[in-house]
Amino acid sequence: MLHRSPARAGLRTLTFTLPLEWAGRASVVGNFNDWTPGRLTLSADGDVARASVELPDDYIAVFRYLGEGDHWFDEPEADIVDGGGSVVWPEPWASGVVEVEDAPEAGEPAPAKDAAPRKPSPAEKAKKVSKKRRELEEQKAREAAEKARKKSRKLADKVAKAADKQRKAAERVAREGERMAAKLAKKAAKKA
């Protein structure tokens, strides 16, 4: 269950509640804690497990729950639940109330367009967060693949060097064996 406090002084509190058996075994992981598991763990509070986070009132919270065994799950009471997680909009958008400027009266000139950039909508912000997270995951995967390739090349080089060392040692042993055989043959020829 998700509880949202009314915004006060530019802040609001989101409280995440799960059944008591999740206490200490689940955490809330989201854009408000850098997607770090274990930072916001649900604790026993009466007959439920609870965790809270205080956010700016215009903050778009994107999160998922992480339980034992890397079990990820979403909050059904979020404003949107999609592949990127559970999304909680700022209060004006969550309630559907959005301020719209009045149109000019007939005969009045249209208001001048300000040079200030348009403020992105919550949907655009959430999409940007999801895109950024996906890009970071792809970057980490590319870095891990490159690291594995480098490690593989180093290992292949070590194996090649060891094989070359063994070949040279075998050639030395063979030459020494031939030299010893020639020496013994010479000795045998002198005795005969």
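**Salt bridges and one buried serine**

Analyst: The model is predicted. The side chain of Ser86 reaches the backbone nitrogen of Glu75 at 2.9 Å. A polar contact also joins the side chain of Ser86 to the side chain of Asp74, at 3.4 Å. Ser86 belongs to strand β9, residues 85-88. Its relative accessibility is 0%, so Ser86 counts as buried. Beyond neighbours within four places in sequence, the contacts of Ser86 include Asp74 and Glu75, and also Ala61, Val62, Phe63, Arg64, Ala78, Ile80 and Val81.

Now the charged pairs. Side chains of opposite charge can pair when their charged atoms come close. Over the whole structure, the search finds 11 salt bridges.

One of the salt bridges is formed by the side chains of Asp79 and Arg4, with an N to O distance of 3.1 Å. This pair links distant parts of the chain, its residues being 75 apart. Asp79 sits in the loop between β7 (71-73) and β8 (80-82), whereas Arg4 is in strand β1, residues 2-4. Asp79 has a relative accessible area of 28% and is therefore partly exposed. For Arg4 the value is 21%, which also makes Arg4 partly exposed, given that buried means under 20%.

Two further pairs lie in helix α2. Glu146 forms a salt bridge with Arg149, and the closest N and O atoms are 2.9 Å apart. Helix α2 covers residues 122-191, and because Glu146 and Arg149 are three residues apart in it, about one helical turn separates them. Glu146 is partly exposed at 29% relative accessible area, and Arg149 is partly exposed at 44%.

The side chains of Arg179 and Glu176 also meet in a salt bridge, at 2.4 Å from N to O. Both residues are in helix α2, three residues apart, or about one turn of the helix. Arg179 has 47% relative accessibility, so Arg179 counts as partly exposed, since exposed means over 50%. Glu176, at 35%, counts as partly exposed as well.

Besides these pairs there is a network: salt bridges link Asp164, Arg167, Lys168 and Glu171.

To put the parts together, Asp79 and Arg4 connect distant parts of the chain, while Arg179 and Glu176 are about one turn of helix α2 apart. Ser86, by contrast, is buried, and its side chain has a polar contact with the side chain of Asp74.

Technical notes: Residues numbered from 1 in each chain as written. Predicted model: local features only at pLDDT ≥ 70, side-chain atom pairs only at ≥ 80, totals over all residues. Heavy atoms only, no water. Helix = DSSP H or I, 4+ residues; strand = E, 2+ residues; numbered from the N terminus. Buried < 20%, exposed > 50% of the residue type's maximum accessible area, 1.4 Å probe, protein only. Polar contact = N/O pair within 3.5 Å; in protein donor to acceptor, adjacent residues only side chain to side chain. Contact = heavy atoms within 4.5 Å. Salt bridge = Lys/Arg side-chain N within 4 Å of Asp/Glu carboxyl O.
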